Amino acid sequence: MRIVMLGAPGSGKGTQAQRLQQDHQLPQVSTGDLLRRAVADKTPLGLKAKATMDAGELVSDEIVLGMIKERLAKPDAKRGFILDGFPRNLAQADSLNAVLAELGQKIDTAVLMDVDFEILMKRLTGRRTCSKTGQVLNIYFSAPAELEACKKAGGELVQRDDDNETTIRNRLQVYERQTAPLIDYYQKRSLLKTVEATGDVNDVYARFKKAVGLK
Ligand code: AP5
């Protein structure tokens with residue numbers, strides 16, 4: 001099963017992809033995570049990408065495509081994957097089709113995580129990642145027990161550098177300008193499924209699984 005996740009920053013792509021990965025052993029391939037790792041490791045690619053990410057702009061197609069090609073060629077991606085944060089513009093979507101054609105594969109479903117725009121700012125400013133487990137949490141929306149569990153496991157709740165109001169505003173604009181046209185792109189190819197992504201995380205997960213044809 002090969003899934004593309006679409007949706008504005010904060011719409012819950014990562015949260016839902018993480019759950020599907022755990023339950024169905026489908027690797028979550030997040031270009032944002034791959035880039036953040038490169039930044040943390042101070043690789044040449046990471047050093048190049050950091051300022052762009054901090055500004056909330058898109059990193060060059062060339063860099064991102066190179067990462068994706070390498071990742072999708074790994075053995076665990078043979079039986080499927082969940083693309084989280086890629087493609088991000090029309091050129092990337094065309095490149096993805098070309099990469100998959102070379103591998104004899106194609107996308108099964110593009111899932112749009114549909115969220116009321118007003119709640120995105122709160123979700124993003126409240127987001128924290130557990131340094132121990134990598135779980136994505138939220139100081140406003142996660143259950144206190146979940147937040148506590150991270151600390152008990154010896155982790156810390158870490159905030160992303162680009163989750164500040166100024167950068168978030170730009171990321172939302174970049175999404176509208178460059179990524180939202182992909183909704184039409186996948187709709188025209190009869191691959192688009194829209195998931196109502198506001199409300200309880202478990203309810204959203206149930207709708208997400210249904211959209212990709214899983215129980
Ligand atoms: P990336 O890491 O892809 O960030 P994004 O698209 O901005 O998406 P987010 O990770 O912010 O949101 P999400 O939808 O995954 O939401 P989440 O599940 O975490 O990209 C970062 C940067 O990298 C880009 O700006 C760009 O510079 C670069 N980049 C990445 N890919 C690129 C590409 N292909 N090309 C070029 N550049 C690229 O949820 C958010 C919060 O809400 C969490 O706290 C979560 O706990 C909470 N939440 C989730 N669901 C619910 C719910 N139902 N109810 C309440 N709270 C919820």
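Where is Leu-26 found? Leu-26 sits in the loop between α1 (13–24) and β2 (28–30). This is a predicted model, in which local features need pLDDT of at least 70, side-chain atom pairs count only at pLDDT 80 or more, and totals for chains, interfaces and linings use all residues. Residues are numbered from 1 along each chain as its sequence is written, and side-chain values use heavy atoms, with hydrogens and water left out.

**Figure 1. The whole chain.** The chain has 10 helices and eight strands. Helices (H or I, at least four residues) and strands (E, at least two) are DSSP runs, numbered from the N terminus. The radius of gyration is 17 Å, close to the 17 Å that the globule rule gives for 215 residues, so the chain is as compact as a globular protein of that length. That radius is taken over C-alpha atoms, and the rule is 2.2 Å times the number of residues to the power 0.38. Along the principal axes, the C-alpha atoms fill a box of roughly 45 × 45 × 35 Å. Of the 215 residues, 46% are buried. Buried means under 20% relative accessible area, exposed means over 50%, and partly exposed is in between (1.4 Å probe, protein chains only).

Figure 2. Leu-26 is buried, with a relative accessible area of 4%. Leaving out residues up to four places away in sequence, Leu-26 touches Met-1, Ile-3, Leu-20, Gln-21, Arg-79, Gly-80, Phe-81 and Ile-82. Here a contact means heavy atoms within 4.5 Å. Gln-25 is found in this loop between α1 and β2 too. At 54% relative accessibility, Gln-25 counts as exposed. Gln-25 is not a glycine, yet has a positive phi of about 50°.

**Figure 3. The largest nonpolar core.** A nonpolar core is a set of buried Ala, Val, Leu, Ile, Met, Phe, Trp, Tyr and Cys residues joined through side-chain atoms within 4.5 Å. The largest one has 53 residues, and Leu-83, Leu-96 and Tyr-186 touch the most other members. Helix α4 (residues 61–72) gives the largest share of this core, six residues. In soluble globular proteins, nonpolar side chains tend to be buried together.

Figure 4. Which residues does Tyr-186 touch, not counting residues up to four places away in sequence? They are Val-4, Leu-6, Pro-87, Ala-93, Leu-96, Ala-110, Leu-191 and Leu-192. Pro-87 lies in the loop between β3 (81–84) and α5 (90–102). A cis peptide bond joins Phe-86 and Pro-87, with omega about 0°.

**Figure 5. Two asparagines in helices.** Asn-170 is found in helix α8 (residues 165–179). Is Asn-170 buried or exposed? Asn-170 is buried, with a relative accessible area of 17%. Asn-170 touches Ala-55, Gly-56 and Glu-57, not counting residues up to four places away in sequence. Asn-202 lies in helix α10 (residues 201–211). At 46% relative accessibility, Asn-202 counts as partly exposed. Asn-202 and Glu-165 are 37 residues apart along the chain, and their C-alpha atoms are separated by 27 Å.

**Figure 6. The loop at Lys-42.** Lys-42 lies in the loop between α2 (31–40) and α3 (44–55). Phi of Lys-42 is near 55°, a positive value in a residue other than glycine. At 61% relative accessibility, Lys-42 counts as exposed.
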